[in-house]
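Here is a short report on a structure with more than one part. Keep the sequence and the 3D view side by side as you read.

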Amino acid sequence: MHRIARTLLLAFLLVAAIAPGLRAEEPLRELIDALGQAKLSDMDEHIAALAKTGDPKVVPVLEALGEGNLYARKADGQVFLTKESGSTLSLTDPVSGESVGEAPKAALSKVKVNNGVRRAVRSALGSLTLLSPDRDARLKAAQSVLQSPNAEALGAIEDALAAEKDGEVRALLEQARATTLIISDRPVEEKRQAVRLLKENGGREALSILSAALNAADDSLKPDIEAAVASIEQSQALWAAGQNVWYGLSLGSVLLLAAIGLAITFGVMGIINMAHGEMVMLGAYTTFLVQEVIRDSLPGLFDWSLAIALPLAFLVTGTVGLAMERGVIRFLYGRPLETLLATWGISLILQQAVRTIFGPTNREVGNPSWMSGAFELGGLTVTWNRLWIILFALAVFAALLFLLKKTPMGLQMRAVTQNRRMASSMGIRTPWVDALTFALGSGIAGMAGVALSQIDNVSPNLGQGYIIDSFMVVVFGGVGNLWGTLVGAFSLGILNKFLEPYAGAVLGKILVLVLIILFIQKRPRGLFALKGRAVEA
Amino acid sequence: MITSFLVKSLDRTILIAAALLLALAVLVPALNLLTAPDHPLHVPTYLVSLFGKYLTYALLALALDLVWGFCGILSLGHAAFFALGGYAMGMYLMRQIGARGSYGNPLLPDFMVFLNWKELPWFWYGFDMFWFAALMVVVVPGLIAFVFGWFAFRSRVNGVYLSIITQAMTYALLLAFFRNDMGFGGNNGLTDFKDILGFNIQADGTRAALFAASALALALSLVVTSGIVRSKFGKVLVALRDAESRTRFLGYRVEHMKLFAFTVSAMMAGVAGALYVPQVGIINPGEFEPGNSIEVVIWTAVGGRGTLIGPIIGAILVNGGKSIFTAAFPEFWLFALGGLFVLVTLFLPKGVVGTAQQYLARRKAHRAAERQDGESDKEQGATAPEAMAAE
């Protein structure tokens, strides 16, 4: 029935296109004018009738209707597109598209709309623009018909599908067709195919469409739909697990960044630096300052702000670390518990200093353009900033590993760690190595602060949130072993994210802490313990 | 036997300190209650409560001194035991409110009514009785310390590792008590107390009595810890602090001794918390903050670790300073506290009392040397603070 009507209509339009003139315009004008008299309850039919014409002139009319800019002249009931200008309205004839002057508001009555009408307008517009010559408009239209499927639009979708050349739009249209097909009154066999297509495509929408269709479906179709739902649910569960792994990796990279500097100061030198978190905080504030300067004087450089902040943060926190080591810590070597207390005191001073200078509230640090936004990877949503942070954490790790294993300074550092007196006898200036190692660890914490400023609130308390976690990572991974820190950070991150859905965020974290405490009972020296006599020192 | 224990445990300083505390326990409430408000010797009630609070802090610091000063266990989780004791007392005080809460529920505390709970969780049973709550004040922290210590000491987790996992423990408890579902009032904690043992908690008499109780508890704990550290057991504790492996090789069960000291210390911290809560009128999860536990360490360090008297003096000094500082220059308190941490560790590693003792011992040795020439150098070496602490 629809098909015949549509063919007739198409034929009619074809004729109309060949022989343009008043005859083609008159029915359209009638249809449009009918909107002016229609009751709200009949609007749907009128809109559908308009949409059926397939005339591109209908598009602005419907848009105006949706926005409430469609008015009927009280005198003769003619409907116009309007634009407000002061107390009068400037009128545009919907059929000819020409301006026909202005009229006072009192002479016109607004064509009433409510949410039901707006919905009808949207879906009508969706199927109308499916044939638009503009690719983006078609893409948008296909998305909208996919999101709000409407059995009436099936014919239009199929027409559009037949004419569509663009692959992406086609794929969307295919899905939209399958979605609408299931709720239409087509034969079961066609529906079965549609179910199959939906099953292959998967996704949350398909799942909700299929579950919604399940109740109304034929008995013969039900098993197919159920199987499809089950299969989509399974693949969704897999993707969810994948997403958890991703979140875990992301959390792990944050932990790695926070802990990697500590792995140097605590792991390699055996210094408990409770002010480590404050180094991260100083790095974040350095980023804030750099961005402030850039905003004020060189707005064009904003995308480079992190690249500029990175070495600066390294220098700032490295210097602070150097001063700490030379000023306080070097007098406390061999007394780890006292070091802990003194560095805690330093952390309080640094926190209060930042609070006094910058105020206790959060400071705004912006994302450069290349770090904002997200992209889809299968069923995964990957945000750029998280991705960059993972890459950055790995890069820092690799650089540090290279420094420790392949450079003369790294060699000296390892020598001092393993046997201070022997290293000293070999001519290594151990105090200098200590100072530089501590500065290096602090500097890396500062660089971590630059990265963490992108995902965390920059406030004087920023560091405190990381200190316990980073100690856990280092202790869990095994002190004095960078690889242990890497494995520790990522396994704790992933474990945390996998516990979260079952136990909730807070309880998950508590569980992880308890697990670590128990783990340390089993392996007091961490996952990758150093072997040999150095351990007992 | 008890007399011999007393005689052994009381050297002159401990005796003086305990007597001083007992005198305070009588004198301060008397000056508060019996003198007119305009009398020059009158002690206002807010000061009674303030000093009562300091005394509970002093008890907490003393508890830490037992494990840190004599056992070498730097616990960064002692505030957790303090808070657990406080929560046990808080639960009793909550149950005492009864139907006087804003929702008027005779059984459920206000926050449970607010969360739409229908019945009392099982772990709240029994807290309407004071003796049960008082028992829990020592049992809960003691039990947690016992289990935690049993695992930790058995697998020889020590030094900084132990410090870090005690910190993780208090952090985990902090997160847990912040949860509303736990049934401890979430981040608001327990507050709005009405009375204790039938007495109005706001009344001057009750406050004075709480002060006296704090002073008594502190004096008693001082005598008990002094008894512990001056006994043979205490000597072995010091030995294992200074050379754990060697003590183990001599045949002592090091982990059992540490576990005993740790548990006793946690119980003392619990008592301190229980006395603290009615005097300040609130207990909330903020007490579990890892920073609080570290602050306790600085009180002990300022006074002098391993001296028993030192932590008490340290706690009162630092907290008194904090009260004055935060009122006068709130911005600078953290600078002062931070600076205190650095300066004490760098220049006063033995604390105020330890340094004073060292000085007195030196002078004594010097005088002895003046009398008998020749042996003075050796004497000075032997009066190191560790030896002093072990006396």
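L308(B) counts as buried, because it has 28 C-beta neighbours inside 10 Å. (A residue is buried if 20 or more other C-beta atoms lie within 10 Å of its own, exposed if 12 or fewer, and partly exposed in between; the C-beta atoms are placed from the backbone.) L308(B) is not a glycine, yet its phi is positive, at about 65°. Find L308(B) in the loop between α12 and α13 (309-328) of chain B. Helices here are DSSP runs of H or I with at least four residues, strands are runs of E with at least two, and both are numbered from the N terminus.

D192(B) also has a positive phi, about 70°, and is not a glycine. Its loop joins β1 (190-191) and β2 (195-196) of chain B. Is D192(B) buried or partly exposed? D192(B) is partly exposed, with 16 other C-beta atoms within 10 Å.

## How to read the model

This is a predicted model: local features need pLDDT of at least 70, side-chain atom pairs count only at pLDDT 80 or more, and totals for chains, interfaces and linings use all residues. Residues are numbered from 1 along each chain as its sequence is written, while chains are lettered from A and ligands numbered from 1 in the order in which they are written.

## Chain B as a whole

Chain B has 17 helices and 4 strands. Its radius of gyration is 22 Å, close to the 21 Å from the globule rule for 391 residues, so chain B is as compact as a globular protein of that length. (The radius is taken over C-alpha atoms, and the rule is 2.2 Å times the number of residues to the power 0.38.) Along the principal axes, the C-alpha atoms of chain B fill a box of roughly 80 × 60 × 50 Å.

Of the 391 residues in chain B, 47% are buried. Now take contacts in chain B between residues at least 6 apart in sequence: 77% of them join residues at least 24 apart. Two residues are in contact if their C-beta atoms, placed from the backbone, lie within 7 Å.

## Annotated spans in chain B

An unreviewed UniProt entry annotates several spans of chain B as "transmembrane region", including 160-178 and 297-320. Such positions are given in the numbering used here, feature names are shortened, and annotations may be inferred rather than shown by experiment.

Residues 160-178 of chain B are 100% helix and 0% strand, and the end C-alpha atoms lie 27 Å apart. Residues 297-320 of chain B are 79% helix and 0% strand, with end C-alpha atoms 16 Å apart.

## Where the chains meet

How many residues of chain B are in contact with chain A? There are 38, and they touch 33 residues of chain A. On the chain B side, α6 (130-154), α7 (160-178), α12 (290-303) and α14 (333-347) each supply at least two residues. The largest share, 13 residues, comes from α7(B).

By class, this side of chain B has 28 nonpolar, 7 polar and 3 charged residues. (Ala, Val, Leu, Ile, Met, Phe, Trp, Tyr, Cys and Pro count as nonpolar, Asp, Glu, Lys and Arg as charged, and the others, Gly among them, as polar.)

## Domains

Chain B is assigned domain 1 (52-203 + 220-338) and domain 2 (350-391). Such bounds come from an automatic or database domain assignment. The C-alpha centres of these two domains of chain B lie 35 Å apart. Their contact takes 15 residues from domain 1 of chain B and 9 residues from domain 2 of chain B. On the domain 1 side, α9 (232-242), α12 and α13 of chain B each supply at least two residues. α13(B) gives the most, with 4 residues. By class, that side of domain 1 has 5 nonpolar, 7 polar and 3 charged residues.

Chain A is divided into domain 1 (2-113), domain 2 (125-220) and domain 3 (239-536). The C-alpha centres of domain 1 and domain 3 of chain A are 65 Å apart.

## Hairpins in chain A

Strands β1 (residues 70-73) and β2 (residues 79-85) of chain A pair antiparallel over 3 bridges. (Two strands pair if DSSP finds at least two bridges between them.) L70(A) has L81(A) in β2(A) as its bridge partner. This hairpin has 5 residues between its strands, and G77(A) in the turn has a positive phi of about 75°.

β2(A) also runs antiparallel to β3 (residues 88-92) of chain A, joined by 5 bridges. Here E84(A) stands opposite L89(A) in β3(A). The hairpin of β2(A) and β3(A) has 2 residues between the strands, and G86(A) takes a positive phi near 65°.
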